[in-house]
Amino acid sequence: MTEQPFVLLVDDDPQQEAFALALNAHGVDAKHVLPDDLTAEDLNHASLVLIDEFIENWTAREAVKDSIGLFVRDGVALAAVLRSALDGRGPSPETAPTPRNTALVLRTGHLAVLAEGTPAFIRPMTVASRHDLEWVAEKAQVDAETLARFAALAVATKALPTEWGNPTDPTAQLQWLALGEQPWREDAIAQIELCRPPWTVPAATSAGRRWLSWFIQRIRPFPTFLVDDRRAASYLGLKPSALDVLLGGDSDAAAALKQAKYTGQLAAFAGRRWWRAGIAAVKQLALQTAEGRGADDIARALGALHGTDLDALGLRHPVFQIDADYNVVDEPLEITEAV
C-alpha cells in the first residue's frame, strides 16, 4: 500500500488542529505543530509544509530576540530556514547540499500587503517566486476547495520524478503530466517546449522543485499548453456549459474531448484544464464535416456529431479581456471590439 503524502502545518494557533484534521479527509496525512514543537523528523517526512506568516506565540524564539542572527521574525523567514534545513546546506563548504522535493506554502491573511502594488490575480505567484516558495495561500480560505488544493499539491509533490534523464526523452516528466500516446502528443510536447520547462538540470538539482514551481506558478494559472474551460470552449465556438454536455455523450467528438482533458498532477488545483493540442484535434474533427471554417460552423458540426444542439458562443474571433486585477472577464468579445 502506497504511503499517503504527509502535510505538516506549522502555526502558533492551537485551533489550526481542526484544519489539519479536515485535510486528513482529502487523502493525505496531515499534522499540526506549534513552532516550539517542530522537529527535523516531521520536516524531513513532509511532502508539503504549510507555514503561518505571523507567528506571535513562540517561546523559544522570544528567548533569542536580542540575537538578530537567530531571531526568526515571521513565516517568510521560517520558510527560508526550513528550506536550508531540507536541502542540508551548511554549516561549512564541505557539506554538500542534498535538495528535497518538499513544497513550502505560506498561509497569510495579508497577501495584499506582501504583494503591494501587484494585481490580485498574480499575487500568489509573485510572492511565491520572490521568496522561493511553491505557493502562497489566503489563510482565511478554509473551504473544501482549498483543502482539495493543498491535498493535490502534496500528492503532486510526492509524485515528482526521482530520475530526470535526457531532455530529448522526458518520459518521467510527461508521465507526471499524464500525456499519453495521443495522436496530438508531438504537438503538445512542442507547446510544452515553448514554455521553457526545466526538463533536466534545474529540476534534477532541486529534487524537482523547479519543475513544480514552474508548473504551478507559470503554467497552471495562465493559458499555455493547458487552457481553462472558457478558452477551450471558445476555440470550438461554444459556451463553456457545452463542454459538459459534449462530455456526456458517446460520439467521436465526445471521445476526442475526453482525451483532451488534462488529468495529470494538479488537475484538481483551481479549476479544470484542457490540453490545447487536444482541443485543436477536436476542432479538426469538427472541420471534417463542417460546412465552413467559421466558429459557428464548428459549433454546428460538433452538435451534429453529438446528436443535439450545443450552446454556440456566437463570435467569430473571441478575445478574453482581463480586468484591473488581471482576472479574466467571463464573457469574451469579438476581436474587432478589442484594443
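This report walks through the fold, the helix packing, the aromatic pairs and a few backbone details of one predicted protein model.

Residues are numbered from 1 along each chain as its sequence is written.

## The chain as a whole

Let us start with the overall picture. The protein chain has 16 helices and 9 strands; helices (H or I, at least four residues) and strands (E, at least two) are DSSP runs, numbered from the N terminus. Along its principal axes, the C-alpha trace spans about 75 × 40 × 40 Å. Of the 339 residues, 47% count as buried. Here buried means under 20% relative accessible area, exposed means over 50%, and partly exposed lies in between (1.4 Å probe, protein chains only). Among contacts between residues at least 6 apart in sequence, 62% join residues at least 24 apart, where contact means heavy atoms within 4.5 Å.

How do α14 and α15 pack? Helix α14 (residues 252-260) and helix α15 (residues 276-287) pack at an angle of about 165°, with their axes 8 Å apart. Axes are lines fitted to C-alpha atoms, for helices over the stretch in contact, and angles run from 0 to 180 degrees between N-to-C directions. The helices α14 and α15 are therefore roughly antiparallel to each other. For such labels, angles under 35 degrees count as roughly parallel, over 145 as roughly antiparallel, 65 to 115 as roughly perpendicular and the rest as oblique.

On the α14 side, Asp-252, Ala-253, Ala-256, Leu-257 and Ala-260 take part, meeting Gly-278, Ile-279, Val-282 and Leu-285 of α15. Sorted by class, this contact of α14 with α15 has 7 nonpolar, 1 polar and 1 charged residues. In this sorting, Ala, Val, Leu, Ile, Met, Phe, Trp, Tyr, Cys and Pro count as nonpolar, Asp, Glu, Lys and Arg as charged, and the others, Gly among them, as polar.

Helix α15 also meets helix α16 (residues 295-306): their axes come within 8 Å and cross at roughly 80°. That makes α15 roughly perpendicular to α16. From α15 come Val-282, Lys-283, Leu-285, Ala-286 and Leu-287, and from α16 come Ile-298, Ala-301, Leu-302 and Leu-305. The contact of α15 with α16 has 8 nonpolar, no polar and 1 charged residues.

## Aromatic pairs

Next come the aromatic rings. Rings of Phe, Tyr and Trp (its six-membered ring) pair if their centres lie within 6.5 Å; planes under 30 degrees apart count as stacked, over 60 as edge-to-face and the rest as tilted. By this rule there are 12 aromatic pairs. Two of these pairs are shown here.

| Pair | Centre to centre | Angle between planes | Class |
|---|---|---|---|
| Phe-121 and Phe-222 | 5.9 Å | 75° | edge-to-face |
| Trp-176 and Phe-215 | 5.3 Å | 90° | edge-to-face |

Where do Phe-121 and Phe-222 sit? Phe-121 is in the loop between α5 (111-114) and α6 (123-130), and Phe-222 is in the loop between α11 (209-219) and β6 (226-227), so the pair links distant parts of the chain, 101 residues apart. Phe-121 is partly exposed, with a relative accessible area of 28%, and Phe-222 is partly exposed at 29%.

Trp-176 lies in helix α8 (residues 171-176) and Phe-215 in helix α11, so this pair ties together parts that are 39 residues apart in sequence. Trp-176 is buried at 4% relative accessibility, and Phe-215 is buried at 0%. Both belong to one aromatic cluster, formed by Trp-176, Trp-184, Trp-211, Trp-214, Phe-215, Phe-225, Tyr-262 and Trp-275.

Which residues of α6 are buried? They are Pro-124, Met-125, Val-127 and Ala-128. Their cover includes α5, β5 (135-138) and α11. After α6 comes Asp-132, with a positive phi near 55°.

The loop between α14 and β7 (274-275) holds Leu-266, and Ala-270 has its place in the loop between α14 and β7 too. Leu-266 is not a glycine, yet its phi is positive, about 65°; this residue is buried, with a relative accessible area of 2%. Ala-270, also a residue other than glycine, has a positive phi near 60° and is partly exposed at 27% relative accessibility.

Definitions and conventions: This is a predicted model: local features need pLDDT of at least 70, side-chain atom pairs count only at pLDDT 80 or more; totals for chains, interfaces and linings use all residues. Side-chain values use heavy atoms; hydrogens and water are left out.
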